[in-house]
Amino acid sequence: MKFNTKTIHGGQQNVDPAYGSVMPPIYQTTTFSQTTPGGHKGFEYARSGNPTRAALERAFACLENGTYGLAFGSGLAAIDAVMKLLKPGDEVVSTSDLYGGTYRLFTKIFQGFGIKFHFVGMENADAIEKYINDKTKLIWVETPTNPMMNIIDIKKVASITKKHKVLLAVDNTFATPYLQQPLEMGADIVMHSATKYLGGHSDVVMGALIVNTKDLADRLYFIQNASGAICGPQDSFLVLRGLKTLHIRMQRHCENAEVVAEYLASHPKIEKVYWPGFQDHPNHKIAKAQMKDFGGMISFVTKGNNYAEAIKIVENLKIFTLAESLGGVESLAGHPASMTHASIPKAERERIGVVDSLIRLSVGIEDIEDLIEDLKQAIG
Ligand SMILES: Cc1ncc(COP(=O)(O)O)c(C=O)c1O
């Protein structure tokens with residue numbers, strides 16, 4: 001199957017042997033009856049497995065061209081599971097410009113358990129190698145990064161992780177498998193905040209992991225079951241429904257974002273627009289090579305870098321809703337310094353570019369004329 005067919009049918013054969021329902025039934029149950037101890041039809045207890053979740057997990061695996069999918073109660077729960085593969089004394093090299101909640105999980109939880117993190121700008125992948133030693137077990141990559149839209153060369157990082165026999169995990173939330181498939185480029189683990197584009201309708205919080213090897217899948221499944229951060233059947237159903245339109249939503253997100261990026265870049269009050277589709281974006285060539293298009297996310301800073309002015313712009317927006325999150329059909333705007341990235345210390349966030357006037361847009365799939373009009377009136 002090609003990608004667009006996979007979004008609709010991937011992993012969904014024989015979902016309902018009972019009545020042939022086209023959508024998978026929502027198995028709203030805690031447990032499954034047994035005829036004799038161990039005599040069940042593949043499901044025992046809903047933390048360990050649920051048929052609706054299993055249908056979604058197969059869809060995740062199929063879309064990322066992976067073999068095994070695992071669904072979690074949030075993106076952070078999925079990252080938490082990956083980190084539990086590690087032991088005290090292990091080291092991780094992570095993208096420096098990454099989602100604030102991931103940074104908080106690494107530094108405020110796992111650092112306390114004796115895991116050491118190196119936060120490294122990975123726009124030049126060669127920079128990673130000097131942080132790798134015999135304690136390094138994992139490289140954590142987010143690309144495009146949140147919110148600076150940096151692009152990391154996944155193939156190049158994979159060649160380094162293969163050489164040193166360490167795991168490579170890629171947070172593919174911003175790109176989605178529509179734009180890039182990290183397992184195909186040599187990653188070992190793909191992670192998603194399925195809350196975003198995969199769900200696509202801002203009505204679910206969910207996470208996903210996709211891997212190719214049985215050993216890794218078994219270890220992650222053990223953690224998923226033992227730690228218990230699973231998602232429920234209703235949410236699994238909603239994300240399965242969302243996935244079916246991923247390809248057409250992403251196509252429109254990308255088209256609209258291109259027009260918005262160009263509009264902002266030509267605006268006299270805007271200092272800089274961060275969008276990997278621009279030819280002068282530092283890693284534009286890599287984005288072009290590893291992504292099908294440039295995605296729906298854009299960040300920009302205003303001239304003079306004034307905090308109050310940035311707040312006024314996001315307050316003035318009418319169609320763009322001022323809110324955390326991204327990747328839904330509706331356009332959202334955020335102010336990372338005071339919202340999504342407030343958990344990163346000011347000096348650290350400014351070092352990576354999250355200055356006071358930075359505004360992040362999740363460009364939705366509304367009519368583009370309305371989005372441009374809204375930005376025009378809000379920026380003034
Ligand atoms: C890139 C990225 N990774 C991970 C997460 C965390 O996911 P969740 O909010 O579903 O826990 C987010 C949330 O915004 C994100 O943007």
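A crossing is right-handed if the near helix is turned clockwise from the far one, and left-handed if anticlockwise by less than a right angle. All views show a predicted model, in which local features need pLDDT of at least 70 and side-chain atom pairs count only at pLDDT 80 or more, while totals for chains, interfaces and linings use all residues. Residues are numbered from 1 along each chain as its sequence is written, and side-chain values use heavy atoms, with hydrogens and water left out.

**View 1. Helix α9 passes helix α13 in a right-handed crossing.** The axes of α9 (residues 246-265) and α13 (residues 368-379) come within 10 Å and cross at roughly 30° (axes are lines fitted to C-alpha atoms over the stretch in contact, with angles from 0 to 180 degrees between N-to-C directions; helices, H or I with at least four residues, and strands, E with at least two, are DSSP runs numbered from the N terminus). N256, V259, V260, Y263 and L264 of α9 meet I368, L371, I372, L375, K376 and I379 of α13 (contact means heavy atoms within 4.5 Å). By class, the residues of this contact are nine nonpolar, one polar and one charged (nonpolar: Ala, Val, Leu, Ile, Met, Phe, Trp, Tyr, Cys and Pro; charged: Asp, Glu, Lys and Arg; polar: the others, Gly among them).

**View 2. Helix α2 passes helix α8 in a left-handed crossing.** Here the axes of α2 (residues 51-63) and α8 (residues 233-243) come within 8 Å and cross at roughly 35°. On the α2 side the contact is made by T52, R53, A55, L56, A59, F60 and L63, and on the α8 side by P233, S236, F237, V239, L240 and L243; these residues divide into 10 nonpolar, two polar and one charged. Within α8, the residues P233, S236, F237, V239, L240, G242 and L243 are buried (buried means under 20% relative accessible area, exposed over 50% and partly exposed in between, with a 1.4 Å probe and protein chains only), and the buried residues of α8 pack against α1 (3-9), α2 and α9.

**View 3. Residue G69 lies in strand β1 (residues 68-72).** With a relative accessible area of 16%, G69 is buried, and, leaving aside residues up to four places away in sequence, G69 touches E57, A61, L209 and I210. The C-alpha atoms of G69 and A55, which are 14 residues apart along the chain, are separated by 9.7 Å.

**View 4. Y103, F106, F117, F119 and W140 form one aromatic cluster.** The model holds nine aromatic pairs (rings of Phe, Tyr and Trp, the last by its six-membered ring, pair if their centres lie within 6.5 Å; planes under 30 degrees apart count as stacked, over 60 as edge-to-face and the rest as tilted). F117 and F119 are a stacked pair, because their ring centres lie 6.1 Å apart with the planes at 15°, and F117 is buried at a relative accessible area of 8%.

**View 5. W275 and F294 form an edge-to-face aromatic pair.** Their centres are 5.6 Å apart with 70° between the planes, and both residues are buried. The pair links distant parts of the chain, 19 residues apart, with W275 in the loop between β8 (270-274) and α10 (284-290) and F294 in the loop between α10 and β9 (297-302).

**View 6. The peptide bond from T143 to P144 is cis.** Its omega is near -10°, and P144 sits in the loop between β4 (136-142) and α5 (154-164). A cis peptide bond also joins N146 and P147, with omega about 10°, and P147 lies in the loop between β4 and α5.
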